[in-house]
Amino acid sequence: KNLYKQSKNAVLNVPELEAKVKEATNSEAWGPSGTVLHEISMETTDRTSMDMILHVLYERLKEPPENWRKVYKSLTVLDY
């Protein structure tokens, strides 16, 4: 599954940071690790990176109620 996501991101030319934020806010049963949260937070010092992060989080916050984990994890990333 992880290899599939990496291949898909490479083919679609998804930036590494965007893929990292999507992975941190996926629908898996566990939350994002502290390491990933720290890496994402360190990227917010750059305006372009921060815009990309906020865009992904905003899209995740618009998910339907069935995808509540994505919304919850997005709020977790914002809180960090």
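Which element supplies the largest share of the lining of the second largest pocket? That share, three residues, comes from helix 2, where helices are DSSP runs of H or I with at least four residues, numbered from the N terminus. The model is a predicted one, in which local features need pLDDT of at least 70 and side-chain atom pairs count only at pLDDT 80 or more, while totals for chains, interfaces and linings use all residues. Residues are numbered from 1 along each chain as its sequence is written, and side-chain values use heavy atoms, with hydrogens and water left out.

The second largest pocket has a volume of about 150 Å³. A pocket here is an open set of points on a 1 Å grid over the protein atoms alone, where a 1.4 Å probe fits and protein lies on both sides within 12 Å along at least five of seven lines; its lining residues have an atom within 4 Å of a point. The volume is the space filled by probe spheres set on the points, which are joined across faces, edges and corners. Lining this pocket are K20, E23, A24, N26, E28, W30, G31, P32, S33, V36 and K73. By class, the lining has four nonpolar, three polar and four charged residues, with Ala, Val, Leu, Ile, Met, Phe, Trp, Tyr, Cys and Pro counted as nonpolar, Asp, Glu, Lys and Arg as charged, and the others, Gly among them, as polar.

Two of the lining residues can be followed further. N26 is found in the loop between helix 2 (16-24) and helix 3 (34-43), and N26 counts as buried because its relative accessibility is 8%, the classes being buried under 20% relative accessible area, exposed over 50% and partly exposed in between, with a 1.4 Å probe and protein chains only. The side chain of N26 makes a polar contact with the side chain of K73 at 2.8 Å; such a contact is a pair of N or O atoms within 3.5 Å, and within protein one must be able to donate a hydrogen and the other to accept it, while residues adjacent in sequence count only if both atoms are side-chain atoms. Leaving aside neighbours within four places in sequence, N26 is in contact (heavy atoms within 4.5 Å) with K5, R60, R69, K70 and K73. G31 is also found in the loop between helix 2 and helix 3, but G31 counts as partly exposed, because its relative accessibility is 47%.

In soluble globular proteins, nonpolar side chains tend to be buried together.

Within helix 4, I53 counts as buried because its relative accessibility is 4%. Beyond its neighbours within four places in sequence, I53 is in contact with L17, V21, I40, E43 and T44. L78 is found in helix 5 (residues 68-79) and counts as partly exposed, at 46% relative accessibility.

Key
Helices (H or I, at least four residues) and strands (E, at least two) are DSSP runs, numbered from the N terminus.
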